[in-house]
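Open the model in your viewer and get ready to select a few places in turn. Each stop says what to pick and what you will find there.

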Amino acid sequence: MKDNQPRTIYLKDYKVPDYLIDHTELTFDLDPQATLVKSRLKVRRNPAADPGDSGLPALWLDGVDLELLSVSINGKLLPAQRYQEMTGGLLLAVETPEFELEVQNRIAPESNTSLEGLYLSNGMYCTQCEAEGFRKITFYPDRPDVMSIFTTTIVAPASYPVLLSNGNKIDSGTTQDGRLRVTWEDPFAKPAYLFALVAGDLQYVEDTFTTSSGREVKLQLFTEARNIRKCEHAMVSLKHAMRWDEEVYGREYDLDIFMIVAVDHFNMGAMENKGLNIFNSACVLASPETATDAAFQRIESIVAHEYFHNWSGNRVTCRDWFQLSLKEGFTVFRDAEFSADMNSRAVKRIEDVTVLRTAQFAEDGGPMSHPVRPDSYMEISNFYTLTVYEKGAEVVRMIHTILGPEAFRRGSDLYFERHDGCAVTCEDFVVAMEDANDADLKQFRRWYSQAGTPVLDVEDRYDEDKGEYTLKIRQHTPDTPGQKDKLPLCIPVTTALLGADGKELPLNQAGATETTLLLTEACQEFVFGNIKERPLPSLLRGFSAPVKLRYDYRDHQLQFLMRHDSDEFNRWDAGQRLALNALAALQVQFRAGEALRTPDALIAGYASVLGNGALDPALVAKMLALPSAQELAEQEGEIHAAAIIAAREFVRNAIADALKPEFLARYRQLDQRTPYSAEAADIARRSLKNTCLAYLCATMDDDALDLARSQLARGENMTDSASALGALVEFGPVEDAEQHLESFYQQWQQDTQVVETWFGLQSTSASYGTLERVQQLLGHSAFELTNPNKVRAVIGGFAMRNFKQFHKEDGSGYEFLSDQVIALDKLNPQIAARLVTPLTRWKKYAASDAGLIKSALQRIAECGSLSRDLFEVVSKSLSE
Ligand code: B3K
Ligand code: ZN
């Protein structure tokens, strides 16, 4: 291994920085192979640092893959004995508590395939500095608690007419040799991870936003010329987000300009650099012809997420990377509420909970399990996880539920006011919530430090004579790597009781019909008086806590909840529980070699949902969706991949066959030829229509496939086209699928985003996406191993969303993934470490699969020169 024993960094070792940087002046002379970076830093001894007893400590500057050219202090070139270049940085002897440091270095953006630091994407220069990418640009104290005012000058050939950085443009001109020069200044002190630079031949669309105090902000969205028609939706989303943050959080934008740039090569969704957000093209560009509804909604939420970071992340930032959830958990909560306000609240909640249950619970139960605020890491990039983001958002949501919306707002106001311009901790956030409300969140804090998904076991009893109904709830959080014997958490369990007529029973004199039980003990009883009949409980409404709730619901009770629960989330959840029961029973039958029995209760439940014209079609679509194979795997004690696949396909086909006339009637009713709109009602209509189409095609009847063929031929919008093509690829004859795929590609090959969709439709198809086809896709002229979107579409789609083909008994899928991960690690360690995730859960699988997955992991481990990112994930997975 390159770095045989990567160092583990611990939260408990945190120390304030020895030196502060009041001002950072950067000059970039851009060149693909030899960009010259000059940095001039005003350095000052940190008054809060431990004075020690041996004079001024040396100054440490992080630096990775940099060619050092010179170091000067106060204008004088420094002799070599005053500094020492070491692995990971530069150590400088210091003589005075304040000085000006000038460093010059060279970097090669063109050779940078890690997409961290300064790199080239389709000939455009761009940066990604979070978390520790700035050290790949120049020598610097690259830690979030060093906040500085940045001035940035960019010099580039005239073929790069657009030169951008953070803040306001304060100067521009031409150099003597005819190159362009632009200077930007950001008046807000910020950590280096929020620095950004872009240079390219870009077009832009422009708009304005007037803030609540009447300031006009210029909004610009930059992209390559070919994509300029795809910017409108993001711009509208941005304006909605700006208004929402004023209305809901009282937060106004603070600069005169806000810019977004779309780039094709990007490791994640987007980045909240101050005043200059950089986005993965797939997360910002959309037009009805090229983007699905899911993409439209994802864009709306990511644009909002990055914008919201301007307060939750930039104005108030993190003290250290252990505090990452301070900005990410809070901002995910903020964007989820925004999306809920813009679209269907219940559907947004269902989507978020599905991700949580499928992937975050798996992470919580696996070898990389960590608390929302981790205690240690080897590579911080590995901790941009579902736990830090989504579970972190659930933790903030629980505070919101426990305190109530007004008190929460008082808390957030105090938090922003108290910590504006500072780098703070999760603890500071909780304290602000307490102080603003005189609340006590002492026990609640355990959510930040305890890993693992709590399990709630609920029992009930009814005493008819006394009219008393009792819920007894036990909580237990399983051991996780490095953490045993968990303490009870404070868990809000929002509850209602349903009577035989399906109506909620009053729970108190005032007639309230819903209450949030606050669980604080390992085992606790809650008694409801004056209850006239034995009720059916509707528990954990709206998924009020990120837990697994077990209550022994009978099938008829679940059908009842599917029909009557007024909490739409729980209505959906009842259907999911019904499906999980059916699927679990079928897996048992499959493994016992028995004939599989038709799941009548589930079919009846689905029939009642499908026939209910009063429900939001988007909710109906969600209610008709079976839990994914990945989610089923998470349910099982030991995963039997073949049983999961057999049970799921059997149920899907049984539903499709039993309800074909109903699906057809609903499809026809919803198949309106109206112009495309990304309004929630239209998205809802298309989502149910295409759910019906998928079930119809699952019958494999030619008349059903013809519906898909004609929907594809009409090509009215990408949502309908991709759904129809997906159904034909999954259920149609292979030659047919191949022909449709080919003509679709011919039509869209110039459009990067559509090509990514096209890759994904194939790699994730249980019937079409065999390993052989996926391997062919890797050789396709549109595939690039250096482009994360394409890697995610082809390799990620296969390994993470094609359960059937990936888990082929011979282990070929596992071996393929390990080969790809090894190859990718040399180019882009962050992506390699993400992609290996499906192999990390090997212990959960039945023996034969577990052995094969483990050997695939071992092949990677034995490879010799792993990045720190991949080493951490692989070694932790093998040592668990
Ligand atoms: N803050 C960035 C994530 C950076 C990830 C670095 N590996 C995007 C976001 O969460 O908004
Ligand atoms: Zn974020």
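How much helix and how much strand is there over residues 452-552? The chain there is 0% helix and 43% strand, and the end C-alpha atoms sit 23 Å apart. Helices here are DSSP runs of H or I with at least four residues, strands are runs of E with at least two, and both are numbered from the N terminus.

Before moving on, a word on conventions: this is a predicted model, in which local features need pLDDT of at least 70 and side-chain atom pairs count only at pLDDT 80 or more, while totals for chains, interfaces and linings use all residues. Residues are numbered from 1 along each chain as its sequence is written, chains are lettered from A and ligands numbered from 1 in the order in which they are written, and side-chain values use heavy atoms, with hydrogens and water left out.

UniProt lists residues 452-552 as "domain: Peptidase M1 alanyl aminopeptidase Ig-like fold" in an unreviewed entry. Its positions are given in the numbering used here, feature names are shortened, and annotations may be inferred rather than shown by experiment.

Next, select residues 237-447, where UniProt places "domain: Peptidase M1 membrane alanine aminopeptidase" (unreviewed entry). This span is 55% helix and 9% strand, with its end C-alpha atoms 32 Å apart.

Now pick the zinc ion (ligand 2). His305 (NE2), His309 (NE2) and Glu328 (OE) coordinate the zinc ion at 1.9 to 2.1 Å. Donors are N, O and S atoms within 2.8 Å of the metal (3.2 Å for Na, K and Ca); water is not among the atoms, so sites may look incomplete. His309 lies in the loop between helix 2 (293-308) and strand 22 (317-318), and Glu328 in helix 3 (residues 324-342), so the pair ties together parts that are 19 residues apart in sequence.

Staying in the loop between helix 2 and strand 22, select Arg315. Arg315 counts as buried because its relative accessibility is 14%. Its side chain makes a polar contact with the side chain of Asp254 (2.8 Å); such a contact is a pair of N or O atoms within 3.5 Å, where within protein one must be able to donate a hydrogen and the other to accept it, and residues adjacent in sequence count only if both atoms are side-chain atoms.

For a last stop, go to Leu540, in the loop between strand 30 (536-538) and strand 31 (548-550). Phi of Leu540 is near 55°, a positive value in a residue other than glycine.

Notes. Buried < 20%, exposed > 50% of the residue type's maximum accessible area, 1.4 Å probe, protein only.
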